[in-house]
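Subject: Structure handover and findings

Dear colleague,

I am passing on the structure we spoke of, with the sequence alongside, and would be grateful if you could look through it when you have time. My notes on what was found come after it.

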Amino acid sequence: MLNYLKSEFYRTVRSDEIHGTLIGLLFLVLLMNVTLGLMKNVEHFRYGITSFSYSMIVSVPMLYCYVAFAVAVMLYESDRRRGTLGNSIACGFSRIQLLAGKCIVCLVTSLVLLAIVLPVYIGSAVLLLNPAGPTMVQDMLWEIPAMSLITIASQILAVILLELFEKGSYSILVWLTVMLFLPKIFLMAGMILPFESGPIMDIAMWMPVNFLPAGTRVTMSECVTLWSSAEGMTRCLVSGAAGILIFSGAGVFLLRKKDLS
């Protein structure tokens, strides 16, 4: 297993897709902050402040899940086309071992990207923009632990789906359904159906894409984040932990069936 992880990390370090993602993220971060910095002294331009820059991340916490999903797709969407999956199974690894290894590689890769991009984001904002507005760097930093387990759960789901489906497009569609479309269906059902649908609404409000925007208001005049309260942070962590357990359990069950078939 250790040799498998070493080979996967080596492949990741040499991955053009990961290099391109890192360069793209850094370019977008610097482009935004440099543009805001150049325009901060323009009359009536209100957005050349650190608060506006930070709010671009704080107001969209699901962005962490989208990036983590993209990392998983870039690393493992083409495994079957390249024959990597078949070679690994032929070497004696079970699908469960491969799943665990891929999840570890995806998580470490995502953490490295975050560790590089985040200081550039904050540093360029501090250097180029006026320190003003309601959204503070602390709001963005506390967003990371709040979204940590939710992001890991979404990435585990992505890796499982890429293992289960022959075509990457199916994996992407199912991931979007589970993470975005299905929660919205539950939310709409909870609002439309009569009072007996209370449990449906309760379930819907434990799904991140529903409860995160409901508890977060980020504008030019205020910054209220769900994770700023103990109750909100707990909801984030419990939801993420539940997602990890549910997705991992379902993935192990389905992959074992596939191993036996």
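Predicted model: local features only at pLDDT ≥ 70, side-chain atom pairs only at ≥ 80, totals over all residues.

The surface patch is nonpolar, covers about 630 Å² and is made by Leu30, Val34, Leu38, Met39, Val42, Leu127 and Leu128. Two helices, α2 (16-39) and α7, each supply at least two residues of this patch, and of the contributing elements α2 gives the most, with 4 residues.

The loop between α2 and α3 (50-58) holds His44, a residue that is not a glycine and yet has a positive phi of about 70 degrees. With a relative accessibility of 73%, His44 counts as exposed, since the cut-off for that class is over 50%.

On the cysteines, the count comes to 0 disulfides, a disulfide here being a pair of cysteine sulfur atoms within 2.5 Å. For Cys65, the closest cysteine sulfur is that of Cys236, and the distance of 10 Å is too far for a bond; Cys65 is also buried, at 0% relative accessibility. For Cys103, the closest cysteine sulfur belongs to Cys106, and here too the distance, 6.7 Å, is too far for a bond. Cys103 has a relative accessible area of 17% and is therefore buried, the limit being under 20%.

Is Thr135 buried or exposed? Its relative accessibility is 1%, so Thr135 counts as buried. If neighbours within four places in sequence are left aside, Thr135 is in contact with Ser51, Tyr54, Ser55, Val58, Val218 and Cys223. As for Gly190, which is 55 residues from Thr135 in sequence, the C-alpha to C-alpha distance between the two is 32 Å.

With best wishes

Notes:
Residues numbered from 1 in each chain as written. Heavy atoms only, no water. Buried < 20%, exposed > 50% of the residue type's maximum accessible area, 1.4 Å probe, protein only. Contact = heavy atoms within 4.5 Å. Patch = residues over 30% accessible without salt bridge, like charges linked within 9 Å, V, L, I, M, F, W, Y side chains within 5 Å. Areas by Shrake-Rupley, 256 points an atom, 1.4 Å probe, with all protein chains shown as cover. Salt bridge = Lys/Arg side-chain N within 4 Å of Asp/Glu carboxyl O.
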